[in-house]
Amino acid sequence: MGIAVSPQIHPQVAEFIDKPRKMLINGRWVNAASGKIFPTYNPATGEVLAQVAEGDREDIDQAVKAARNAFDSGPWRRMTASERGRLIWKLADLLEQHTEEFGYIESLDNGKPLNIAKAADVPLAVDLFRYMAGWATKIEGNTIPLSVPYTPGAKYLAYTLREPVGVVGQIIPWNFPLLMAAWKLGPALATGCTVVLKPAEQTPLSALRLGELIMEAGFPEGVVNVVPGYGETAGAALAAHPDVDKVAFTGSTEVGKLIVHAAAGNLKKVSLELGGKSPNVVFKDADLETAIPGSASAIFFNHGQCCCAGSRLYVEKSVYDQVVEGVAEAARKIKIGSGLDPETHMGPLVSEEQMNRVCGYLESGFSEGAKALVGGHKGGDRGYFVEPTVLVNTKENMKVVQEEIFGPVVVAMPFTDPEEIVPRANNSDYGLAAAVWTRDIGKAHRMAEQLRAGTVWINCYNIFDAALPFGGYKQSGWGREMGHDVLNLYTQTKAVCTRIA
């Protein structure tokens, strides 16, 4: 299978996807033990983009063995923290040098616009690696004064060590393939863990190309292993593997619950970054010139395929029509098309399955009385496009209000009493993110305190930084990604006590 090199295709990307991609195990690129391969598709056309080795239980087992050996007896544990940090920084430099290439890979494999991938996905991944490279030398324990009542007169030196948890299985999603790999790999490597990374079967290419850069940077064999494959086979085997010390997963809440059950065998540590149905609250005193485009971006960024998307839009009644019409007008101006088209604002959804899921939710909403102010349909006759959609006449008990759609669909509802909005906003199984738009800073912070969400944005949305922890309340997950907090996911504390007198 070949792809013609055209002005639209980066020549190195064309070369990369032209050959069947292998998996990375113990520093070597190998075929699946079964010899199987699977296709990854270009969501803009529905055509096969590349062929990839299909990992399964045996491949996961080999990758875990490689990671275990690298952790227990390889050079990784003997490296100084400074040396680990320099390697992570070198990986960031290499990734930055290949920004254009990774932008094309993300656009082709995921569907997102090329200019967005180059401006956001790749730079944020680079920044994450650099941020985590700095933490490698700053993971510290404490000395603790002891007062042991049953050994009067004795003196002790007591301290704690922060040690890497060990072999980590990491399962990442398809909505931000490169960035989510960075979110997972950065802290695991900074803390001294070794990794088996399972990218989403819909978007494995950027993780495999990143694996090449990891080897080019000089990471020891077995420290990072990349095994593409399906969730129900490779992913399930990784989550259940008895020699994996921790599993980190980003994806749907439904699959997150399966991960928890699979991890019970050896009681491995688990962190989960799961779904959301985030409330976006606009008060009548908000700066509407900022709140309207901000609310549109909250739901339509990345085609709505964001776990933290502002998919429930609550607007105070006196400005409801103005805000909702403003968001609808923003939706009307969005040009959908191939991510490689520089005029495209919104690309396709990632797969035919996802497109059908979103369209199914639209049909459900219409059957329950919702109306589309704009959009509401599949887009085009080729590829996996769905029109950006604003649903009105929605009620709290509708499926489109309660369940995560994970597409460019916002449900808009008015409110009259500011006192009612907190219970309504919190009326969800999820608690990943929320936003408040108001000029009243006191009101904003009172809302932030009352909203049950891991992130609350005030007069902004979708602001991410490597230093800012991210994660959810309720069924939106366990633990926090990024920031200082993420180090807790990949380390464990050892207490050491020595009698000195």
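Student: Okay, which residue's side chain meets that of Glu 201 in a salt bridge?

Tutor: That partner is Lys 198, and the distance from N to O in this salt bridge is 3.3 Å. Please keep in mind that we are looking at a predicted model.

Student: And those two, are they buried or exposed?

Tutor: Glu 201 is buried, and Lys 198 is buried as well. Elsewhere, salt bridges with shared partners join Arg 21, Glu 101, Arg 209 and Glu 212 into one network.

Student: How many salt bridges are there by this rule?

Tutor: The count comes to 22. One of them is formed by the side chains of Glu 163 and Lys 494, with 3.2 Å from N to O. This pair links distant parts of the chain, since Glu 163 belongs to strand β5 (residues 156-164) and Lys 494 to strand β23 (residues 491-499), 331 residues apart.

Student: How accessible are Glu 163 and Lys 494?

Tutor: Glu 163 has a relative accessibility of 23% and counts as partly exposed, and Lys 494, at 39%, also counts as partly exposed.

Student: What about Lys 184, which side chain does it meet in a salt bridge?

Tutor: Lys 184 meets Glu 481, at 2.7 Å from N to O. Lys 184 counts as buried, with 0% relative accessibility, and Glu 481 counts as buried at 4%.

Student: Changing topic, where is Asn 110?

Tutor: Asn 110 is placed in helix α4, which covers residues 99-110. Asn 110 is buried, because its relative accessible area is 0%, and buried means under 20%.

Student: Which backbone atoms does its side chain reach, if we take Trp 174 and Lys 112?

Tutor: The side chain of Asn 110 reaches the backbone oxygen of Trp 174 at 2.7 Å, and a polar atom of that side chain lies 3.2 Å from the backbone nitrogen of Lys 112. Beyond four places in sequence, Asn 110 is in contact with several residues, among them Pro 43, Thr 203 and Leu 349.

Conventions:
Residues numbered from 1 in each chain as written. Predicted model: local features only at pLDDT ≥ 70, side-chain atom pairs only at ≥ 80, totals over all residues. Heavy atoms only, no water. Helix = DSSP H or I, 4+ residues; strand = E, 2+ residues; numbered from the N terminus. Buried < 20%, exposed > 50% of the residue type's maximum accessible area, 1.4 Å probe, protein only. Polar contact = N/O pair within 3.5 Å; in protein donor to acceptor, adjacent residues only side chain to side chain. Contact = heavy atoms within 4.5 Å. Salt bridge = Lys/Arg side-chain N within 4 Å of Asp/Glu carboxyl O.
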